[in-house]
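Please look over the sequence and the model before reading on.

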There are 2 protein chains.
Amino acid sequence: MFILNPQSGVPIYRQILEQVRRMVASGQLHAGAELPSVRELAVTHAINPMTISKAYTLLEAEGLLARNRGKPMTVVGPARGAARGQTPLNKRLEQIDPLVDQIVLAARQLQVSEAELVKALRRKWEETDE
Amino acid sequence: MFILNPQSGVPIYRQILEQVRRMVASGQLHAGAELPSVRELAVTHAINPMTISKAYTLLEAEGLLARNRGKPMTVVGPARGAARGQTPLNKRLEQIDPLVDQIVLAARQLQVSEAELVKALRRKWEETDE
DNA sequence: TCAAGTGTATTATCGTATCAATACACATAG
DNA sequence: CTATGTGTATTGATACGATAATACACTTGA
């Protein structure tokens, strides 16, 4: 369910935070959906259960997840009042903005043209087309 | 010279590593070029001199920079007058690849379309057009 | 010569991130 | 009731990232 890279420099619990936020915003994790158990994730990703628990706790404090003692964490959001589906596009784009900043900075420092950057992006997009 | 974001989750010294690698690969930092002093960077970015020194030390171990006792760090590279251009495009693209992975993953988790992603990218590209 | 500029070593402290092993409180299927 | 499944608290340990304050060796311009 998650794609975690311990070598990336980004703390594991932060990778989980970001990925849950995204999947909730997109509706891939709808309200009421259950998240993988901490022990299951700990095994499949070879990480410590408490690391995942930390992420879950923060997501609860954020209002995205709900604790159910004895049962799996469940998704609370997105916005109850609004359409039960996705967050508006501009809100979703906000979440991706820091990455856009990063990649544009990197491309400019590498003197990779906008066209080449877009090409690399499209290439990766096709590769991950499943 | 560097653009550092302490909140990004990426360690500062790693941000410096990556940015020097990029600017050397693109030729923006040509062989023999001097880098900013650790004390100057420490002041302008409000970070500790030893954090920068750590990055410089690692870049020397990597073979990209040379220590000159009493003088600034310099970029190691092909002899002056020799072909000291950019590294080939595909090599530069390799450096940007992890970021491409990240952003495509994020876009798919957010269910942002390829078209919208490219649009956001072009928008940011224009903004940073200086 | 000397003052100001390099990078770096040293020692110490602090906060964060992760792991390990254990234990607890609760829910639910059998 | 019991076994198994939730998340979490606890304690302790290790590693990393960053800071702070000095001090050193070296170069260079005045």
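How do the residues of the surface near DNA strand C divide into nonpolar, polar and charged? In this predicted model, they divide into 12 nonpolar, seven polar and seven charged residues.

## Around DNA strand C

DNA strand C is surrounded by 26 residues, and the closest are I12(A), N48(A), G70(A), S37(B) and G70(B). At least two residues of the surface near this strand are supplied by each of helix 1 (12-26) and helix 3 (49-61) of chain A, and likewise by each of helix 2 (38-44), helix 3 (49-61) and strand 2 (71-75) of chain B. Helix 3 of chain B gives the most to the surface near DNA strand C, with six residues.

## Around DNA strand D

Around DNA strand D there are 26 residues, of which S37(A), G70(A), I12(B), N48(B) and G70(B) come nearest. Two or more residues of this surface come from each of helix 2 (38-44), helix 3 and strand 2 (71-75) of chain A, and from each of helix 1 and helix 3 of chain B.

The largest share of the surface near DNA strand D is the six residues from helix 3 of chain A. By class, this surface has 12 nonpolar, seven polar and seven charged residues.

## Where the two chains touch

Between the protein chains, 42 residues of chain B are in contact with 42 residues of chain A. On the side of chain B that touches chain A, helix 1 (12-26), helix 4 (89-110) and helix 5 (114-127) of chain B are the elements that give two or more residues, and helix 4 of chain B gives the most, with 17 residues. That side of chain B has 22 nonpolar, 11 polar and nine charged residues.

Definitions and conventions. Residues are numbered from 1 along each chain as its sequence is written. Chains are lettered from A and ligands numbered from 1 in the order in which they are written. This is a predicted model: local features need pLDDT of at least 70, side-chain atom pairs count only at pLDDT 80 or more; totals for chains, interfaces and linings use all residues. Two residues are in contact if their C-beta atoms, placed from the backbone, lie within 7 Å. Helices (H or I, at least four residues) and strands (E, at least two) are DSSP runs, numbered from the N terminus. Ala, Val, Leu, Ile, Met, Phe, Trp, Tyr, Cys and Pro count as nonpolar, Asp, Glu, Lys and Arg as charged, and the others, Gly among them, as polar. A residue is near a molecule or strand if its C-beta atom, placed from the backbone, lies within 6 Å of it.
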